[in-house]
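Trainee: Could we go through this model together? I'd like to learn how to read the place where parts of a chain meet.

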Amino acid sequence: MSAAGPVLAHTREELATLLSEARRSGLPVGLVPTMGALHEGHASLVRVARDRVGEGPVVVSVFVNPLQFGAGEDLDRYPRTLDDDVELCRREGVDIVFAPSVDEVYPGGEPQVTVEPGPLALLLEGRTRPGHFRGVLTVVAKLFGLVRPDVAVFGQKDYQQLTLIRRMALDLNLAVEVVGAETQREPDGLALSSRNRYLDDEQRHQAVALSLVLHAARDAAQYGVEVALDAARAEVRSSIGLDLDYLEITDPDLGPLPAAVPDGTEGRILVAARIGGTRLIDNMPITFGTPPSARSAGDPRPDPLLSQGDL
């Protein structure tokens with residue numbers, strides 16, 4: 001990559017030309033798919049991709065995908081900040097920014113052939129956003145075909161999306177390693193998201209409740225699934241401005257957990273809520289039967305009470 005920063009590609013032909021040398025040299029290719037409005041969470045995904053491919057090229061795609069937005073969602077107002085995105089990519093050593101138009105990704109209009117996401121897409125986000133994951137998997141499959149990455153990095157904040165993309169890669173025999181990178185958070189625990197910029201100061205204060213809900217469940221997980229859920233629900237009830245969509249605990253593959261689980265069982269707690277007109281999601285790994293004192297001293301999560309006092 002030149003010192004001037006990443007090369008910007010707008011067409012499939014430009015992208016193929018830029019990747020041709022890496023193909024000839026046998027270098028691995030890394031891909032970080034995004035919808036733009038990049039922040040430090042995206043920067044962390046780029047760093048994971050760079051660690052995986054070494055001297056190989058890292059591609060960041062910037063594309064607001066209309067196929068994954070439903071009626072009444074924020075397609076038109078979703079932030080588009082390409083100049084700032086390219087600057088972040090320059091800082092992080094990205095080689096190529098692929099920023100295609102809608103016509104470039106969907107020549108001829110809405111595709112007649114799409115990816116069927118299966119039954120998992122009917123749960124959680126899928127209940128509120130029907131058709132969303134069909135759009136996500138279709139565009140990711142297209143990006144995999146265009147970039148042909150060896151490694152693709154996605155954030156764990158969109159955990160259901162990550163799970164479905166991994167399943168797609170497995171079921172369709174796609175030759176790409178799908179990596180899930182840890183969620184990046186503000187000091188008070190709020191997960192980084194491009195949609196956070198929609199929040200005014202008061203709503204930003206209220207939004208930290210999503211993180212507190214997750215921590216409440218994780219702290220109570222030593223007593224079982226139902227107690228953990230009850231602790232999370234109590235945190236929801238005490239929160240101001242939080243309009244809950246869903247709050248669920250699942251196994252790591254988003255399947256159901258029995259009411260009684262053995263010590264050491266891994267799970268996932270997931271939450272979605274609206275704060276004002278902004279819908280946010282978050283999730284966290286959870287281990288049952290492990291008291292907080294048994295966690296490693298290096299646990300980076302914030303203290304929920306301290307987080308409230310800091311705001």
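Trainee: How far apart do the C-alpha centres of domain 1 and domain 2 lie?

Mentor: Keep in mind that this is a predicted model. The domain assignment puts domain 1 at 7-181 and domain 2 at 196-288. Their C-alpha centres are separated by 27 Å.

Trainee: Okay, and how many residues does the contact take from each domain?

Mentor: Here a residue is in contact when heavy atoms come within 4.5 Å. With that cut-off, domain 2 gives 16 residues and domain 1 gives 20 residues.

Trainee: Which side chains meet in a salt bridge at 2.4 Å, N to O?

Mentor: Between domain 1 and domain 2 there are 10 residue pairs in polar contact. The salt bridge count between the domains is two. As for the 2.4 Å one, the partners are Arg-127 and Glu-248.

Trainee: Last one: which elements give two or more residues to the side of domain 1 that touches domain 2?

Mentor: By residue type, that side splits into seven charged, five polar and eight nonpolar. Looking for elements that supply two or more of its residues, you get helix H5 (125-128) and helix H7 (159-171).

Key
Residues numbered from 1 in each chain as written. Predicted model: local features only at pLDDT ≥ 70, side-chain atom pairs only at ≥ 80, totals over all residues. Heavy atoms only, no water. Domains from an automatic or database assignment. Salt bridge = Lys/Arg side-chain N within 4 Å of Asp/Glu carboxyl O. Polar contact = N/O pair within 3.5 Å; in protein donor to acceptor, adjacent residues only side chain to side chain. Helix = DSSP H or I, 4+ residues; strand = E, 2+ residues; numbered from the N terminus. Nonpolar A, V, L, I, M, F, W, Y, C, P; charged D, E, K, R; others polar.
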